[in-house]
Amino acid sequence: MMTRREILTGGAALLAGGAVSATLRTANAAEKAAASTKPPIPAPPEAHYTPLVTLNGGTLPWKMENGVKVFHLTAEPVKREFAPGMVVNCWGYNGSTPGPTIEAVEGDRVRLVVTNWLPEHTTIHWHGIFLPSGMDGVGGLTQPHIKPGETYVYEFTLRQHGTFMYHPHADEMLQVAVGMMGMFIVHPKSPQTRRVDRDYCFMLHAWDVDPGTFTPRPATMTEFNMWTFNSRVFPGIDPMVARTGERVRIRIANMSMHDHPIHLHGFNFRITETDGGQVPETAQLPEVTVNIPVGAIRVLEFIADEPGDWSIHCHKSHHTMNAMGHTVPNMLGVQHSDLDEKIQKLLPGYMSMGESGMADMTDMVEMGMPLPANTLPMMMGEGPFGPLEMGGMFTLVKVRDDLAPGDHRDPGWYQNPPGTVAWKMDDAASEKPDESGGHEGHSR
Ligand SMILES: [Cu+2]
């Protein structure tokens with residue numbers, strides 16, 4: 001047994017010992033630092049730029065070899081889950097479509113080692129990047145094709161900064177149709193140049209996957225049925241999150257065969273970059289929708305100064321749907337629900353649809369309307385107030401007051417301050433609820 005005094009003094013000794021060793025460590029570190037003639041350890045790359053967030057994807061790792069940043073890309077067949085319930089046979093890079101995002105810094109010497117594990121030859125074209133002609137990746141024109149099993153090396157110095165892409169320039173019609181694409185971001189040399197708090201990127205694509213099948217049809221030219229951000233459809237697409245007041249950049253590249261007018265709710269933005277370079281400030285129009293042409297990139301920036309859950313989507317409304325028949329007869333206003341019982345005698349499970357609109361699609365799926373294998377409902381997503389009736393090219397920008405810098409996790413649904421949600425007017429309560437606190441709104 002220790003006495004109370006022993007415990008106290010022993011504790012004091014322990015405390016003192018702790019203080020001494022801490023002092024020693026500090027002294028040793030200071031001595032070492034003073035004695036060292038080596039240059040300070042360079043800051044991690046994160047200090048040079050805001051690390052990019054690729055929706056439902058990631059950044060390609062690299063290794064420094066004698067002053068050259070070395071990246072490895074493997075072209076190969078991949079399986080991509082568009083959203084839970086649908087997995088598609090695609091081609092891509094390093095196990096995903098799009099391939100991982102390449103991130104480098106202006107002035108870097110980069111070496112891109114490309115191995116082909118596809119069943120046919122390929123190449124990689126570095127879309128928008130200034131480089132020697134022989135590095136441009138056009139099969140047959142600037143280099144021999146990379147045959148299955150072969151590895152080719154591309155090497156060049158990055159002379160510009162901006163937002164670019166990579167994709168095959170060999171059997172391009174098929175290879176791009178089944179998902180071969182990726183983004184290539186070159187950050188400015190100076191960390192102060194065009195710095196933002198959040199930096200997001202994704203690629204637009206369109207696919208034709210017949211209901212009940214697993215492999216996209218490469219021959220389709222216009223009638224696609226799946227519309228994706230980074231080969232995912234809503235509700236399988238990551239949200240983009242920001243803290244209130246942060247500067248947000250979203251880089252969007254279009255490798256599909258259609259233009260997509262991308263619309264952001266809640267904010268106006270400026271187009272600060274294309275794949276051709278930076279737009280001078282005086283030429284940056286305020287917009288809430290930007291058309292992303294085929295084979296092009298638009299970069300939009302805004303201050304996320306209003307908290308909430310804000311939609312961002314393609315404004316072609318058929319592009320925010322999953323697989324749907326475009327040749328169905330028009331049933332709007334055709335009274336046929338009273339025939340259900342008679343038809344069900346011939347066709348068990350028959351349900352009439354479309355008489356008063358298409359919103360009942362969601363109910364039909366919930367009631368167990370059978371869908372073909374590997375096929376998602378046309379409209380999906382459940383929000384805090386009901387079904388979202390969306391699919392395809394749709395996700396959310398979630399702005400919150402209390403996010404830590406660099407925290408990109410989904411914060412859940414927005415909790416609207418009292419009195420700031422549209423309310424139902426009825427006989428019992430025809431006035432705005434919570435009138436007392438309702439007009440205060442959210443303090444900004
Ligand atoms: Cu679209």
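Predicted model: local features only at pLDDT ≥ 70, side-chain atom pairs only at ≥ 80, totals over all residues.
Residues are numbered from 1 along each chain as its sequence is written.

**Overall picture**
- The protein's secondary structure comes to five helices and 24 strands; helices (H or I, at least four residues) and strands (E, at least two) are DSSP runs, numbered from the N terminus.
- Of the 444 residues, 33% count as buried, where buried means that 20 or more other C-beta atoms, placed from the backbone, lie within 10 Å of the residue's own.
- Among contacts between residues at least 6 apart in sequence, 72% join residues at least 24 apart; a contact here is a pair of residues whose C-beta atoms, placed from the backbone, lie within 7 Å.

**Confidence**
- The mean pLDDT (the predictor's confidence in each residue, from 0 to 100) is 86, and 84% of the residues reach 70 or more.
- Residues 1-44 have pLDDT below 50, and beyond near neighbours in sequence this stretch has one contact in the model.
- Residues 435-444 also have pLDDT below 50, with 12 contacts beyond near neighbours in sequence.

- Five strands form an open sheet of mixed pairing, in the order 13-24-21-15-19; two strands pair if DSSP finds at least two bridges between them.
- Strand 13 (240-243) and strand 19 (289-292) each have a single partner strand, so one side of each is left without a neighbour in the sheet.
- Within the sheet, strand 21 (residues 308-314) pairs with strand 24 (residues 394-400) in the antiparallel sense over six bridges.
- I312 stands opposite T395 in strand 24.

**The nonpolar core**
- The largest nonpolar core has 85 residues; such a core is a set of buried Ala, Val, Leu, Ile, Met, Phe, Trp, Tyr and Cys residues joined through C-beta atoms within 7 Å.
- Strand 11 (residues 198-207) gives the most to this core, with seven residues.
- Those with the most contacts inside the core include M165, L204 and A253.
- Not counting residues up to four places away in sequence, A253 touches M165, M183, M203, L204 and I297.

**A look at V241**
- V241 is found in strand 13, and V241 is buried because 22 other C-beta atoms lie within 10 Å.
- Leaving aside neighbours within four places in sequence, V241 is in contact with K398, R400, L403, H408, D410 and P411.
- V241 and L403 are 162 residues apart along the chain, and their C-alpha atoms are separated by 8.6 Å.

Terms used:
Buried ≥ 20, exposed ≤ 12 C-beta atoms within 10 Å, placed from the backbone. Contact = placed C-beta atoms within 7 Å.
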